[in-house]
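Please look through the sequence and the model below before reading on. The paragraphs that follow take up ring contacts, a loop residue and the confidence of the prediction.

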Amino acid sequence: MLFILLFSISFVFTIQNHSYQKSKFVNSANFLSGGVYQKANNISQYFGLKEQNQLLQEENNKLRSILFNSNNETTSSFLDSLSYTSIYNVTPAIVIKNNYTFSTNILLIDKGKRDSIKQDFGVITSKGILGIVDHTSAKYATVLSILNTKSKISAQLKRTNHFGTLKWNGKSPEFVQLVDIPSKAKLLQGDTIMTSGRSAIFPKGVPIGIVKDFKLDAAEDFYEINVTLFNDMTNMEHVYVIENTDAKEIKNLINPVDE
């Protein structure tokens, strides 16, 4: 014990009176304490991931609302808040069941009527289009996947603006088909496909995929295009539900009710 006491005193004197030994000691202490704090911070971050993911999703939700409601023709970065009218509401949700192996695939999300989710709302991810809300309960909603042979969505070529109908042939979950594109359209492999905005469900410009290959139909009037999806449809979790607040008015104009 006396040896340990004397050794400790001499060690302190050595560090205090010799700059080299003092710097080495300080660096070593910082390295050890820094490592401990880093580990503690990593653990804290791990347990805070759920909260951070929710915050990021809420932020993405706000940014997407701004994006969808902005005028595509606007060149100025300034939007006059007095004349700016929001028509798209975006709600984040989680996919809790995902089918992609059947011909009529349906997804289930954790938002429903109590979250103001209704039939015919669009559903997308951070990479692209996913499907359309089919049925809702109080807390949940089913989504008609784009990997569903009954699904029909208006889509267009980004480069040429020619538009057609997006369908699925029931085969690979990696590809969907775009039909009704006229033969006079100049197609290229790799062309980007996006939503056309010609419906009351999706805003214009939501990404879908790229042209994989194409051919003319039997009459050689329209193209049949295979589209490689941006989304990995076998791995879905965080999604966004889009409401067009003008949808009812648009539908009433397109499909007037006979009195």
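A charge is taken to sit over a ring if NZ of Lys or CZ of Arg is within 6 Å of the ring centre and within 35 degrees of the ring normal. In this predicted model, the charged end of lysine 212 meets that description, sitting over the ring of phenylalanine 175 at 5.3 Å from its centre.

Phenylalanine 214 is partly exposed, with a relative accessible area of 32%, whereas tyrosine 223, at 13%, is buried.

Turning to a loop, threonine 125 is found between β3 (122–124) and β4 (129–136). Is this threonine 125 buried or exposed? Threonine 125 has a relative accessibility of 6% and therefore counts as buried, the cut-off for that class being under 20%. A polar atom of the threonine 125 side chain lies 3.0 Å from the backbone nitrogen of lysine 127.

As for confidence, the chain averages a pLDDT of 81, and 71% of the residues score at least 70. Over residues 29–38, however, the pLDDT is below 50, and this stretch has zero contacts in the model beyond near neighbours in sequence. Residues 72–85 also stay under 50, although the model has eight contacts for them beyond four places in sequence.

Notes
Residues are numbered from 1 along each chain as its sequence is written. This is a predicted model: local features need pLDDT of at least 70, side-chain atom pairs count only at pLDDT 80 or more; totals for chains, interfaces and linings use all residues. Side-chain values use heavy atoms; hydrogens and water are left out. pLDDT is the predictor's confidence in each residue, from 0 to 100. Contact means heavy atoms within 4.5 Å. Helices (H or I, at least four residues) and strands (E, at least two) are DSSP runs, numbered from the N terminus. Buried means under 20% relative accessible area, exposed over 50%, partly exposed in between (1.4 Å probe, protein chains only). A polar contact is a pair of N or O atoms within 3.5 Å; within protein, one must be able to donate a hydrogen and the other to accept it, and residues adjacent in sequence count only if both atoms are side-chain atoms.
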